[in-house]
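Visitor: I'm new to this one. Please put it on screen, and I'll ask things as they come up.

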Amino acid sequence: MNSYLTSTIKQFEYYKALGDKTMAQLSFDDLKKEFAQDSNSIAIIVKHLVGNMLSRWTNFLTEDGEKEWRRRDEEFVDNFTTKAELLKAWNDGWDSLFEAITPLNVSDLEKTIYIRNGGHSVTEAINRQMMHYAYHVGQMVFIGKIIKGNEWKSLSIAKGQSKAYNKNKFQQDKNPRHFTDDV
């Protein structure tokens, strides 16, 4: 199960990196762009993710993951005034996550934690949050691709490059590695 904890950290780092690389390609105005009424801009998605992260990961093993101080509905109102402010919030959210999961050990995985009084094993809670964050980071990437169009710099295997990518992979020796090790 130590491999689960190591893999979990690597996965979260990967999703954070996708968000980082998306936002690096966009201006502050791009980050605030909404395509339809009541749709979420990247800035709003960031604000929601940060609110969720701070609530879920603060005192992760000892307090309910839905904190009384969280104002979830306010997460869907964009009030960032600069890109630097948005990025600081983004990093603060991720810092709270990594500070909570990095010290975990195998004996913690079966402990019960609560989210809105619903019991979860630590493993279930980690998986729940990872999928939630992957969902929203995927939205961020998609919005970024729409905004940048042909100027978008691919964050994965670029269209038309699968054959070359696979050739390179199959020229490497077989060995255990996480797929994000060379991303």
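Visitor: Is aspartate 92 buried, partly exposed or exposed?
Guide: Aspartate 92 counts as partly exposed, at 32% relative accessibility. For the cut-offs, buried means under 20% relative accessible area, exposed means over 50%, and partly exposed lies in between, using a 1.4 Å probe and protein chains only. Bear in mind that this is a predicted model, where local features need pLDDT of at least 70 and side-chain atom pairs count only at pLDDT 80 or more, while totals for chains, interfaces and linings use all residues. Residues are numbered from 1 along each chain as its sequence is written, and side-chain values use heavy atoms, with hydrogens and water left out.

Visitor: Which residue does aspartate 92 form a salt bridge with?
Guide: Its partner is lysine 88, and the closest N and O atoms are 2.8 Å apart. A salt bridge here is a side-chain nitrogen of Lys or Arg within 4 Å of a carboxyl oxygen of Asp or Glu. Lysine 88 counts as exposed, at 52% relative accessibility.

Visitor: How do lysine 88 and aspartate 92 sit in the helix?
Guide: They are four residues apart in helix H4, which means they are separated by about one helical turn. An α-helix has 3.6 residues a turn, so residues three or four places apart point the same way. As for naming, helices (H or I, at least four residues) and strands (E, at least two) are DSSP runs, numbered from the N terminus.

Visitor: How many salt bridges are there by this rule?
Guide: The count comes to nine. One of them links lysine 111 with aspartate 108, with the closest N and O atoms 2.7 Å apart. Lysine 111 is partly exposed at 40%, whereas aspartate 108 is buried at 7%. Salt bridges that share partners also tie Arg56, Glu66, Arg70, Glu75 and Arg116 into one network.

Visitor: Within that, what about glutamate 66 and arginine 70, how far apart are the closest N and O atoms?
Guide: They are 2.9 Å apart. Arginine 70 counts as buried, at 7% relative accessibility.

Visitor: Switching to helices. At what angle do H1 and H4 pack?
Guide: H1 (residues 2-24) and H4 (residues 83-101) pack at about 175 degrees, with axes 11 Å apart. That makes H1 roughly antiparallel to H4. Axes are lines fitted to C-alpha atoms, for helices over the stretch in contact, and angles run from 0 to 180 degrees between N-to-C directions. Under 35 degrees counts as roughly parallel, over 145 as roughly antiparallel, 65 to 115 as roughly perpendicular, and the rest as oblique.

Visitor: Which residues in H1 and H4 meet?
Guide: From H1 they include Phe12, Tyr15, Gly19 and Met23, and from H4 they include Leu87, Trp90, Trp94 and Phe98. Contact means heavy atoms within 4.5 Å. By class, the contact of H1 with H4 has twelve nonpolar, three polar and four charged residues. Ala, Val, Leu, Ile, Met, Phe, Trp, Tyr, Cys and Pro count as nonpolar, Asp, Glu, Lys and Arg as charged, and the others, Gly among them, as polar.

Visitor: You named a glycine there. What does glycine 19 touch?
Guide: Leaving out residues up to four places away in sequence, glycine 19 touches Trp90, Val137 and Met140. Glycine 19 is buried, with a relative accessible area of 0%. Glycine 19 and methionine 140 are 121 residues apart in sequence, and their C-alpha atoms are 6.8 Å apart in space.

Visitor: And H3, how many of its residues are buried?
Guide: 15 of its 16 residues are, which leaves H3 mostly covered. Just after H3, asparagine 59 takes a positive phi of about 50 degrees.

Visitor: Where is aspartate 73?
Guide: Aspartate 73 is in the loop between H3 and H4. Aspartate 73 is exposed, with a relative accessible area of 65%.

Visitor: Zooming out, how many helices and strands does the protein chain have?
Guide: Six helices and two strands. From the N terminus on, the elements run α-α-α-α-β-β-α-α. Buried residues make up 42% of the 183 residues in the chain.
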